[in-house]
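Trainee: I would like to learn how to read a model residue by residue. Where do we begin?

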Amino acid sequence: MEQRRWKPKGAQGYLVRCLVALLMGSVASAQLRYSIFEEVKEGTVVGNIVKDLGFDKSTLKDRKYRIVSSNTDPLFSVNQNDGILYVSRKIDREAACAQSSTCVINVKTVIENPLEVHYVEVEVLDINDHSPVFTEKNKKLEISESVLPGARFQLKAARDSDSGPFSVQQYKLNPNDHFRLEVKDKGDDGKIPILIVQKPLDRETAGTHSLILTALDGGKPPKTGNMNILVKVLDINDNAPLFYNGDYSIRLNENVPVGTTVIKVNATDLDDGTNGDVIYSFSNSINQNILNLFNINSLTGELIVKGLIDYEEKDRYEIEVEASDRGSAPLTTEKSVIIKVVDVNDNAPEIEITSFSISIPEDSRSGTTVALINVNDLDSGLNGKVICTVKQDAPFMLSPSLKDKMFSLVTKSALDREKQSHYDLTITAKDAGQPSLSSEKTISIMISDVNDNCPQFTLTPYTFYVSEGNAAGASVFSVKAVDRDKNENAAISYHIVRDGSDDNGLASFLNINSETGDIMALKSFDFETLKTFQFHVVATDSGTPSLSSNVTVNVFILDQNDNPPVILYPVSSNGSAEGVEEIPRNVNAGHLVTKVRAYDADIGYNGWLLFSLQEVTDHSLFGLDRYTGQIRTLRSFTETDEAEHKLVVLVKDNGNVSLSATATVIVKLVEPKEAFAASDVKSAAKDDEDNNVTLYLMITLGSVSVLFLISIIVLIAMQCSKSTDYSSKYLQEANYDGTLCHSIQYRSGDKRYMLVGPRMSIGSTIMPGSHANTLVLPDRRTASEEVRNV
């Protein structure tokens, strides 16, 4: 750091200070000058003011030596203990003094008792911390190619925030053949770069030149800044348009449409702008006939057909075309275009339908004539030779006749209206010219219907499930048949076969809507009387002759809860469900008093019976098993218990709407001796009764066995007469023996149950206490299925 000081010495200094103090009203002042470089660190020592002014530094603090500044953030600070001047923050010379060649900052210091003011000048010395900068990074110059070597173009100088030797000192230009650089020194305004043309410019050779101007300052190493200069060479009209070197010769077919482009001529001009814009025209020597036939696009050079070209009139045209630029003094070039007209096949064949049948029956034989076709071509030779064809995937073909250019359209295979009822035939006539011409004509042929399809039922056979107790006269189910024919041939009527046979006896109680196929039952079905029956429906169309088909309808009657439970025991002599039971007083708990027996003509849940005590004299004495109907004592009798007890048992089925019956049991308590005597009398009566019951049971079992055998034989005969598909379709259960028409399955724990009527499936097991209505079946379902109605 360079420091410059001025210091008064000894008595002379003291006298000077006193004199200055007297002149300034007892205020003393002095001035020092220091120098530092910019960008030094904060805390850098500038100079020792106390030492340079000769003050006693021990008195500085008491005399309050300080810097006086209006700036809240001064650049310098002074230590009151030793009087040393420091840099308080980093100094940027360019920010503090802008472009001044010398940067001096005045610092005012004050000391009291007596008051003295001292001025310190701090010169901030420059360092090379800035690079040259151009105001424009990219410069565009436009120079005409007609300028002579030596032409000068002044450029804007670069600016450097540094001063003195660190400012811009020189310029450089990248090496090139057409330009050089000259630098002019303008003193305080700096050095100015000048671009000089040193070689003639040719826009057609090089339309632009890219230059790089570099400014360098005086640092070591120097800092630089660049400006990109793009020189655009402006054109002058020094080139005439030039056509393509080859010949323009084209073959043109006669009768080409107006507006057809014959050829496109192309001329190029190496000049730029209007000097290089080319326009096309016909030469002044062209005759009017060509002007009537052809036109030229002045911008694109396209030669366009304007009139009708006829080979028979003229087969060759030679046209002179001019290309001119748009310069102030236009330059012109001429070129010949030769057009050879080619004779073409310009007449397409004509198709005429002389005789045509719009509609033909679908049962027409192969070879039936549909239409007669005549073709004609105005051309001659091969151009007039015509070949006539029809689409190959249709059941029709063209047959040539003895007369030339006549054809017959005939059927080549059987027709089927149900597969396709309409044909759009495209007849193509094509001549043998080069290139070939053709014409087409489309005729529509309708295939009329014949009654060749009988009605088909949507299902065969039909299976319906009807709940018993249906309303007489109401529709219970419906059959449907479709006919692929149309109109009358597809109008279907239905009727039920009534042949009077025993197997078809129930058909008399059915009626069918002949138009819709809805079947109505004329009576109400009773499951307990009839479980299944079968009849036949015939569907007949209205064609001539009519066709028909029949279908078998299988009807299964579903059980409803329409029968209440019937009490079998006890039954008194007058027929009421009331009985008297005498038991000894000394019986123990669990003694069987009696068993209430009942049955229900329904099946499944509808026939599953549950027993409950509706009324009892003493609830602590008797208990009822809800599944078996057994009445047992709950405890031993005591002397205080009454001698007679009345029990009313409610028997209820499990239908959706439950039906029930009641039975009354009178229990009388007797002494043991009386009970033994009574039991002897009852045993005798019981033996007679058991004998009668045994006889009835034997008769009943024999009848049931005979009926069962007859049913098995009939069922086997029916199954043999039906197809295997029918059996597999409607008899899906492996254990189904043909005797059950209704069942309800449910799950309880790990077992699956089926509630059935009096007849049971083969392989089923009766669960105790189920009133012979519950079957245990092998589990063939998933665990998620709980209830299924069949």
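**Reading the model**

Mentor: Begin with the whole. Of the 790 residues of the protein, 38% count as buried. Keep in mind that this is a predicted model.

Trainee: How many helices and strands does the protein have?

Mentor: The count is 6 helices and 54 strands.

Trainee: What share of the contacts between residues at least 6 apart in sequence joins residues at least 24 apart?

Mentor: That share is 65%.

Trainee: And the surface: what do carbon and sulfur atoms supply?

Mentor: The protein exposes about 43900 Å². Carbon and sulfur atoms supply 52% of that area.

Trainee: What is omega for the bond from Tyr-569 to Pro-570?

Mentor: Omega is near 5° there, and the bond is cis. Pro-570 sits in the loop that runs between strand E41 (566–569) and strand E42 (578–584).

Trainee: How does Asn-255 count by relative accessibility?

Mentor: Asn-255 counts as partly exposed, at 31%. The partly exposed class lies between the buried cut-off of 20% and the exposed cut-off of 50%.

Trainee: Where is Asn-487 found?

Mentor: In the loop between strand E35 (481–482) and strand E36 (492–496). Phi of Asn-487 is near 55°, a positive value in a residue other than glycine.

Trainee: Is Asn-487 buried or exposed?

Mentor: Asn-487 has a relative accessible area of 57%. Exposed means over 50%, so Asn-487 is exposed.

Trainee: Last, surface patches. Which residues form a nonpolar patch with about 430 Å² of accessible area together?

Mentor: Val-706, Leu-707, Ile-710, Val-714 and Met-718. Take Val-714 as one of the members. Val-714 belongs to helix H5 (residues 672–721).

Trainee: What is the relative accessible area of Val-714?

Mentor: The value is 44%, and Val-714 is partly exposed. A patch residue needs over 30% relative accessible area, so Val-714 passes that cut-off with its 44%.

Definitions and conventions
Residues are numbered from 1 along each chain as its sequence is written. This is a predicted model: local features need pLDDT of at least 70, side-chain atom pairs count only at pLDDT 80 or more; totals for chains, interfaces and linings use all residues. Side-chain values use heavy atoms; hydrogens and water are left out. Helices (H or I, at least four residues) and strands (E, at least two) are DSSP runs, numbered from the N terminus. Buried means under 20% relative accessible area, exposed over 50%, partly exposed in between (1.4 Å probe, protein chains only). Contact means heavy atoms within 4.5 Å. Accessible areas come from the Shrake-Rupley method with a 1.4 Å probe; for residues, only the protein chains shown count as cover. Patches are made of residues with over 30% relative accessible area and no salt bridge: like charges are joined within 9 Å, nonpolar side chains (Val, Leu, Ile, Met, Phe, Trp, Tyr) within 5 Å. A salt bridge is a side-chain nitrogen of Lys or Arg within 4 Å of a carboxyl oxygen of Asp or Glu.
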